[in-house]
Amino acid sequence: MKSKKPGKNPKKKMTRREFLRVGARAGLALGAAGVAGGAFLRGRQTADLRWQLDPDKCIQCGRCATHCVLTPSAVKAVHAYDVCGYCELCSGYFKPNALLLDTAAENRLCPVSAIKRTFVEDPYYQYTIDTDLCIGCGKCVKGCQSFGNGSLFLQAMHDRCVNCNECAIARACPARAWTRLPASAPYMLKGKSRGSGDAKK
Amino acid sequence: MKRRYAVTLLVLALAAGGVAHAQDRFPRPEFKSDYATPTLQVPNAPDSVYEFIDLGVLAAAVIAMSAIALKLRSRNAIFVLSIASLVYFGFIRRGCICPIGAIQNVTLALADPTYAVPLSVVGFFLVPLAATLFFGRTFCAGVCPLGAIQDLVVLKPIKIPKPAAAVLGVVPFLYLGLAVLFTAAGIGFVICRFDPFVEIFRFGSRLEILAYAGVLLGIGVFVARPYCRFLCPYGALLSVLSRFSRRHVTISPTECVECRLCEDACPVDAILPPAGGAAGGTGEPRRASVRRLTVSVLLIPLLMAAGAAGGKLLEGFFVRLSPDVALQTALAAEKAAGTADAAEETRLFRESGETEAALAARVDRTKAVLSIGSALFGAFVGLVIALKLLGLAVPPANTSYVPDRAACVSCGRCFRACPQEHVRLRGRINSPTSLE
C-alpha cells in the first residue's frame, strides 16, 4: 500500500500493477519449476514407465480380460517353453473333467481356442498361444499354475498397451500385481527369459 | 497314458501334502527327436524416444499456436493447428500422457517416495505452464485435444450470467484440489478416470463416459467449452498463470477504438468492457475502494480457516472413498457376521494371500494423508473463494476492450470482429507503399 500512486509518472517507471504482475509472474514461474523439479528429483526417473503385472503375484481373477480399456485386452497369456513339462494331460489346456484328451471344444479350457496343441513325440505335446485370439482371461494360467509347472502366465503386450496414466486393470487388480517398469525392460518373464526382458523394481 | 496317472498322483499328493513349488512339478522332458524348444518372444515397448518426440511436438505446437494467435492473428490457422493437434495427441497418441493428467503424476511423485515420475511426464506438465507465463493460454486454444474437440462444436454460443459463471468458475479449483488430495492419499487418479473424451480418442466402450462426453459436447454447442471453463483442473492452473503472462492475445491489432463490435464475438465471455472513468477507475471515492480492498484481504485468512474446518468435516467421506478402506470395512463386517468370502473383493483378497497387516498399513497411510489433507483442501477452497472476492474488489484498470486474461483461451474468434483488424488485413493485401 506504500508504493506510489498509479499514474504519477507512468511513462518512466512501471506502475504498481505492472510491478505486481512481474513479481507474481516470477513467483509463479519459480513455483511451477519448483514443483516439477522437486517431483523429478524425488525419483530421478529419466526412462519412461510401462505397466506390467508380476506373474508371481497374479491370482488369475479374470479382471485383465474385463477391465482393460482395450477390447480385447492388451494382456495376453504367454508361454515360457523352457518351464513347460510338455504334458499330454495339460491342466492349462483341458478342462478338469475332460472326457477325451483331444482338441474338441468341449474338452478345452480356453474359451476362444487360442491355444494350439501340437504333437512333438510320445508322450509330449507343445502348447502354443495365438496372441491374436487370446483375450487374457487367464483360465489356462490358472490351470497351469494349479496343477502344472506354471509355464503359462499373463503379461501386458506392449505393442498393444496404450499405457494409460492410471491402468484400469491395475486399479481393479485384487492381488496388487501391477507395477510400472522402465520402457527398456517392460516384462516380467519366467524361465530362461527372466532377466533378458525382465526388470524387477 | 503313464503321464496321465502321474498327474493324478501328483494332484492327490498336492491335495494331501500342501503346495510344492509350481516349477518343480514336472521335469523338463528329454526329447529323443531333434526338437528345439522355442523361446518366448514378447513385443518390445515403443522406444522411449517417442515420448520425447511427443514432448517436442507439444512444445513446437504450443510455440506455433502462440505465434499464430499473437503475431499472425489468423483464426483459420488456429483452427487448422487445433485439428492437427486433435488428430495427433487425441487419436494417434490416444490421449495419454496429457498435461491435465500429469498433475497427478507430479503429485504422486511428491507424495509417494516409491513412485518416480518420468522426465517426459514432467515435461508435459511444465511446457504448457511455461508457455502460458509468456503468451497466455495458447495451449488451451487447440493444442490440448480436449479443448480442440470442444472448440469444434461451438456453434451457437450464449452468454452465461456473470454470477453463475463466477460460481461455476470455482469448480475447476475444487476439482484440482480433490485430484491432488485423492492422488496423495492413494485413492486414485480421478482426472483420468473421469476424462470425458479419452473414450472417443480410443474408440472405447465405457458407456457412462461416452454419455458424459456426449452431454458435454451437446452443452458445448451453446455453452462454449464447458469442460475447459467449468471443470478442467489444469485450466484452473493456467488461468492463474495467464493473469500474469508476459504477453497475451489482443482483440485489436493496434489500438481499440471502443466501437463495441467485439462485444458479442467471444464464445467464452472473456471480453472485458472498458471500466468507467477516464483513468480506469470506477469513479467511486478512493477511500471506499481502499476499504473494500482491506476487507477482502482480511477475509483471506478467515475464509481459509473456515474452509479448513469445513474440509475437516468431509474427512470421513473422503476416507470412505478409498478402495483399501472399503475392503478393510468389508473384511471386518464379514468377520463380525462370520460369513467369510461373501463378497468378490474379500474372496479375492484372501486368495491373493496379502496380509491384513499390509492392508492396514496402507489404510493408515491413507487416513494420515486425509487427516491433514482434508483440512488443507478446505483451506485451499477458502483461499480460492477469497481471491475471487479480492478480484471483484480490485477496480478494473482497462480503458478499452481487452481480453480477460484468466478466461481467454486464445481461440481467435474476436480478431475479425475488430474493424482495426480489417484495416490491418487490407493493408497487407495492398502493400503499404501503394497507399502513399
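The model is predicted: local features need pLDDT of at least 70, side-chain atom pairs count only at pLDDT 80 or more, and totals for chains, interfaces and linings use all residues. Residues are numbered from 1 along each chain as its sequence is written, chains are lettered from A in the order in which they are written, and side-chain values use heavy atoms, without hydrogens and water.

**The contact**

Contact means heavy atoms within 4.5 Å. Buried area is the accessible area (1.4 Å probe) that two parts lose on being put together, summed over both. A salt bridge puts a side-chain nitrogen of Lys or Arg within 4 Å of a carboxyl oxygen of Asp or Glu.

| Item | Value |
|---|---|
| Contact residues, chain B | 82 residues |
| Contact residues, chain A | 75 residues |
| Area buried between chain B and chain A | about 6600 Å² |
| Salt bridges between chain B and chain A | five salt bridges |

Carbon and sulfur atoms carry 59% of the buried area. Arg63(A) and Glu344(B) join their side chains in a salt bridge (3.4 Å, N to O). Helix α4(B) gives the most to the side of chain B that touches chain A: eight residues. Helices here are DSSP runs (H or I, at least four residues), and strands are E runs of at least two, numbered from the N terminus.

**Chain A**

Strands β3(A) and β4(A) form a hairpin, with two residues between them. They run antiparallel, joined by six bridges. Thr118(A) has Gln126(A) as its bridge partner in β4(A). Five of the six residues of β4(A) are buried, that is, under 20% relative accessible area (1.4 Å probe, protein chains only).

**Chain B**

Pro161(B) lies in the loop between α7 and α8 of chain B. Pro161(B) counts as exposed because its relative accessibility is 53%, and exposed means over 50%.

How values were computed
Two strands pair if DSSP finds at least two bridges between them.
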